[in-house]
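This briefing accompanies the structure shown below and is arranged by topic. Please read it alongside the sequence and the coordinates.

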Amino acid sequence: MTGPDIFTFEAPARLTFGVGALARLPELVAGMGTRVLIVSDPGIVKAGILDRVASLLKDAGVTGDAFTQVEPNPSVETVHAAHDMFRRSRAAFVVAVGGGSAMDVGKVVAVLAAHGGTALDYEGVGKVPGPGVPVVAIPTTAGTGSEVTIFSVITDRQRKFKMTVGSPHIVPQVGLCDPELTLSMPQPLTAATGMDALTHAIECYVNTVHNPIAKALAQEAMRLIGRSLRTAYANGKDAGARTTMLLASTMAALAFTRTRLGNVHAMSHPLGAHFDVPHGVANAILLPYVMAWNLIACFDTYPQVAQAMGERVAGLPSREAAEAAVEAVRRLSHDVGIPERLRDVGVTREGIPRMAEDAMKSGNILVNPRATAYQDIVALFETAY
Ligand SMILES: [Fe+2]
């Protein structure tokens with residue numbers, strides 16, 4: 001399978017990575033202005049990270065307000081409340097610190113600050129007319145990789161729909177990745193966010209619009225996750241494993257930002273919108289089922305996935321080598337305590353037809369390696385249920 005002849009690759013203007021890198025914040029915000037809005041969530045406040053960020057900004061002569069009420073699967077209303085605070089405090093730029101939710105909100109606030117309107121005006125791909133105000137994205141999970149992507153996912157509670165804002169103009173100016181900030185992640189969050197990163201790597205590696213740069217990044221991300229997620233889960237204080245996982249999540253996100261993903265992400269968004277299943281948990285449960293269904297389209301790519309994840313596949317017939325990838329994912333998921341079925345996380349069977357309809361609206365369906373119809377998605381939800 002070959003990718004497209006012409007491809008585009010985007011990355012933040014600057015990515016700074018490493019243990020202790022947060023200390024570089026003052027120099028990284030130089031020239032962005034003297035008033036900031038910090039966008040974050042209650043967990044980050046409690047962990048003391050918000051205070052550290054605010055004091056580093058103060059050292060750089062930057063003051064402002066903090067919006068700390070971002071929730072999991074963040075809503076349109078949350079974006080608008082944060083934007084109101086941005087305006088009232090006359091901020092010039094955004095520092096988003098937290099998991100994917102805080103960064104996704106911060107990225108859309110930056111669009112509203114520059115172009116006005118509501119978050120709904122920018123739903124879809126390519127609706128943002130130009131650059132937003134500057135954003136510094138600081139991830140505290142490993143992770144969604146939102147610090148480097150062209151996407152924000154915001155939930156419209158009225159429609160029970162997770163909408164995507166996708167534009168090169170929303171890539172943060174600075175991605176600041178300090179593994180130290182991920183040390184306090186509890187086990188379930190480590191597992192869910194790590195499996196989200198693995199899903200990014202695998203889906204963009206096997207889908208129909210992959211490109212060579214994306215593939216190289218995705219392959220390395222799979223290798224790093226295969227080697228380190230169990231350790232990061234078993235011993236959260238292992239700085240080496242945490243560093244490897246954050247690197248992997250950022251690399252996987254650089255890989256998928258332009259290639260998009262596949263059926264797992266198409267299906268996990270309605271699970272979040274209708275049943276509030278955390279994004280990473282939804283992906284982790286779905287991934288082995290979707291991979292098994294995609295298998296017949298992936299005889300040439302799954303063996304490489306298996307190999308990257310540490311499986312020995314040399315000499316195996318291609319079908320067995322491909323199956324080894326599905327098995328490797330299932331085992332990893334099991335080892336880090338991910339539930340096996342959707343029924344284990346509060347999903348009801350009656351919700352499936354509506355969720356399948358919503359999944360079909362996702363652009364991720366179009367790039368999945370195996371052509372997918374509505375009935376296929378229903379069947380996949382049923383199998384995973
Ligand atoms: Fe994801």
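In this predicted model, the centres of domain 1 and domain 2, taken over C-alpha atoms, are separated by 25 Å. According to the domain assignment, domain 1 covers residues 14–182 and domain 2 covers residues 187–384.

**Contact between the domains**

- Domain 1 contributes 25 residues to the contact, while domain 2 contributes 27 residues.
- On the side of domain 1 that touches domain 2, the elements that give two or more residues are β7 (151–156), β8 (161–166) and β9 (174–177).
- Divided by class, that side of domain 1 consists of 11 nonpolar, 11 polar and 3 charged residues.

**The open sheet with β7 and β8**

- The strands β5, β8 and β7 form, in the order β5-β8-β7, an open sheet of 3 strands whose pairing is mixed.
- Its edge strands, each of which pairs on one side only, are β5 (124–125) and β7.
- Between β5 and β8 the pairing is in the parallel sense and extends over 2 bridges, and glycine 124 stands opposite valine 165 in β8.

**Helix α5**

- Helix α5 (residues 100–115) has 16 residues, which at 1.5 Å a residue should span 22 Å, and this agrees with the 23 Å that lie between its end C-alpha atoms.
- Because 14 of the 16 residues of α5 are buried, the helix is largely enclosed by the rest of the structure.
- Glycine 116, which follows α5, has a positive phi, near 70 degrees.

Note on methods
Residues numbered from 1 in each chain as written. Predicted model: local features only at pLDDT ≥ 70, side-chain atom pairs only at ≥ 80, totals over all residues. Helix = DSSP H or I, 4+ residues; strand = E, 2+ residues; numbered from the N terminus. Expected span 1.5 Å × (residues − 1). Buried ≥ 20, exposed ≤ 12 C-beta atoms within 10 Å, placed from the backbone. Domains from an automatic or database assignment. Contact = placed C-beta atoms within 7 Å. Nonpolar A, V, L, I, M, F, W, Y, C, P; charged D, E, K, R; others polar. Pairing = 2+ DSSP bridges.
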